[in-house]
Structure formats: C-alpha cells, structure tokens
Amino acid sequence: MSKVEKFGEFGGQFVPETVMNAVHELEDSYAKYKDDPQFKAELAELYKDYAGRPSLLYYAEKMTKDLGGAKIYLKREDLNHTGSHKINNVLGQILLAKKMGKKRIIAETGAGQHGVATATVCALMGMECCVYMGSVDAERQSLNVYRMKLLGSDVVPVESGTGTLKDAINEALRDWATNVENTYYCIGSVMGPYPYPQMVRDFQKIIGEEIKAQLMEKEGKLPDCVVACVGGGSNAMGAFYDFIGDKSVRLVGAEAGGEGADTERTAATIARGTTGIFHGMKSIFLQDKYGQIAPVYSISAGLDYPGIGPEHAYLHETGRADYVAVTDEEAVCAFEYLSRMEGVIPAVESAHAVAAAMKIAPTMGKDQIMVINISGRGDKDVYQVARYRGVEVEN
Ligand SMILES: *Cc1c(COP(=O)(O)O)cnc(C)c1O
C-alpha cells in the first residue's frame, strides 16, 4: 500500500492512471534502496571517484572585506564533474535505475544541463538514454544538444505547446507511461509526483552535510545564513536540508526575477505564483487567472521553470526559509563581481544567489558566517553575458 509523504498540503501524486503504476514501482524501489548499506556505499564511491566530491568550501576573503559584514564562504559545486550540482542527483537516480533492472533512461531538459548530466552518467553506466527537449530550447541550446549526442544520447525535440521545458516534461511522462517495463524517468529537480521531490533532495543533501562538516572543521560552528538559487529548487534543498532543524541558521532562496518580479517577464514563482497542481504535484506555480501555466522569463535558462518544488512551497509557507527575487541586471552584476573579486566565474543561475548574498552580508555582523552555494560554473554563460552587456564576441 502506497504511503505518500507530503510537505503540509504540498506534494502528492497527481498523475494519470497510466503513469501511476510506474510511480508506484519507483516508490517501492526507492523505499527498498534508500537505506540499503550497499546502495549507499556504491553512491558514496561514485560521488568521490567520479563526481570529485567533497566539493571545496572556500573562504572568500576579498569579498568578505569588500562587503564589510558576515564572513563569506563559497560552496564550490561548480567544481564537480560536468560543472554543477546536477551530477549528484543523476548518479543517485541512475544507480537506482540499474538496481531496478531498467535498461533505458529518459529525461527532460530545459537549458540542457540536466540532459548533459544524464547523458554523461548513462555513458558511464552503459544505459540507453533519450532526452526530451522543447524545440525552441533545442535551437537556443544547440551546443548542449550536440554534447548529449556526443555522449551517446538521443535528443528528441518537442514541438507541442511553447516548445520549452514544461512541454518536454509532458512528453517524458507520456514515454514513461508507455515504456515503464524497461524505462526509468530521471527527473532533474525536486519536483514531480512523490517520491521524486524527496528522492532528489536526498541525493542532493550531501551539499549541506558537507557544508556543516567543513565549517565545523574551519570555524567550529554552524553558519548563520545559507543562500542558494532556486529554479525547481534542487541545489537549494540540497544546501538547506541538513540545517532545517538548526533554527539559528537563516535559509535564503534566490529566485529569478527576470526583468522584475512586478513585470510579466519574470520567473519569480514565490513572489508572483499561486497554489496549483501541475506535473504531478501540488505546489506554487506561475499561472494565469484560468489556471493555465504562464510563460516564464529569466536571463538564466536553468531558473526559468514556472513552478517550484513542493518542499520549498512548504518552507515558504511555514516561514522556515525566505525567498527573494533577483533581477537579470542584479544577477549579471553579481556574475561580474564574483569573477573580478574572487576569480570564480559562477553560473548565471548561481549569480542570483551571489546577488542576494551581496545585499544580506553587509547587514550581518563580522562574527557571523554566510555560505553561498555556487551551484555551477559560468563558462556556459560568458557569451550570453557579453551579449547582454553589448560586447561583440564570436561564439
Ligand atoms: C539547473 C541548474 C539550477 C537550477 O536548478 P535547481 O533544481 O533549482 O537547483 C541552478 N544552477 C545551475 C548551475 C543549474 O545547472
């Protein structure tokens, strides 16, 4: 009998009958393996030997002095293999798929980063891989399409709807329902029907566990504030989770404000969204007055999902975490700032967290500690930022 864990009113399993069997099979398998010592040992080895964990916790001394408030540390998820936190989740899920006897992996991707991470781990583990990508996204991110193919994956452009991430998810769900026998659906963030939000969080919570241990060693105490960017919310959940019970630790999520959370060109779900049901879960979404999912916009392709994972909706509703919207302009300024100040070019997604941190750190005491999760590296974004600044470069 299925026992669906929810986050207050958020989460759940809102999927068509055709997908329910697949969801239940996954639920049973995850329950079986999540505390299995053999599974945990294999995953720990992959984190260490393939992804390059633990990632560094780096004291940003110049930035600390410049901002004149809290002592700032950067959690360097950008140094993982494939350049972001996404590999943590994909290694976990595909290892699980292998235990379940699945031979074929499907995934959705927006900007292509989750698709590339999935294609990478499929190459490593010898799995067949098929990535669904909105046709508009596939055109915008042609380099990532080629990257996935190079790694041996099929990429299927999805023409329906707006040809973006939400349409790719719909198509992946359809494939899963049809091919559940041999196919595993690897979701890229803390979203979708139970048990995905919990499972993806569990595969990402290593980030916060490492922060806690590394800071204990360096400072002998907990941080006062942890800041992370929020798209679907997986790097933020990963960074936050181990601190939820530590009430002295302020948790701050930075959403993509786009051209402003008070404009139509935004992806600031918490600032602007309402409760709804979409992609298998009850959560907060950007939707119009008819309940149709609204188009989203942000300079950061990794943050422009029209919803947020249900656990974030819960952390927001209960006041345990604060969410702030960061505009494109603020994110680009933070992108440039961290590059110059510390010699670290962050992903434009992560730059949203840096921007939020730059506002909060000066209001904190010098004896306080802030950790910013740098979810990924910015090499992929240099061309776009140059264009945003009106600088002519060849790509
Ligand atoms: C995909 C991505 C994000 C957004 O996804 P979350 O699930 O919100 O973490 C953030 N940063 C980087 C570098 C990404 O690749």
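I'll start with a side-chain pair: the side chains of N373 and N235 make a polar contact at 2.9 Å. This is a predicted model, and every value I quote is computed from it.

Where does N373 lie? It is in strand β13, residues 369-374. N373 counts as buried because its relative accessibility is 1%, against a cut-off of under 20%. Leaving out residues up to four places away in sequence, N373 touches K75, E77, I207, V227, A228, N235, A239, S350 and A353.

Next, the backbone. Most residues other than glycine have a negative phi, and most peptide bonds are trans.

Two are cis peptide bonds. One runs from R53 to P54, with omega near -5°; P54 sits in the loop between α2 (37-51) and β2 (57-59). The other runs from Y194 to P195, with omega near 10°. P195 is in the loop between β7 (183-185) and α9.

T82 has phi near 75° and lies in the loop between β3 (71-76) and α4 (86-99). H279 has phi of about 45°, in the loop between β10 (274-278) and β11 (280-285).

Are these two buried or partly exposed? T82 is partly exposed, at 26% relative accessibility, whereas H279 is buried, at 8%.

Conventions: Residues are numbered from 1 along each chain as its sequence is written. This is a predicted model: local features need pLDDT of at least 70, side-chain atom pairs count only at pLDDT 80 or more; totals for chains, interfaces and linings use all residues. Side-chain values use heavy atoms; hydrogens and water are left out. Helices (H or I, at least four residues) and strands (E, at least two) are DSSP runs, numbered from the N terminus. Buried means under 20% relative accessible area, exposed over 50%, partly exposed in between (1.4 Å probe, protein chains only). A polar contact is a pair of N or O atoms within 3.5 Å; within protein, one must be able to donate a hydrogen and the other to accept it, and residues adjacent in sequence count only if both atoms are side-chain atoms. Contact means heavy atoms within 4.5 Å.
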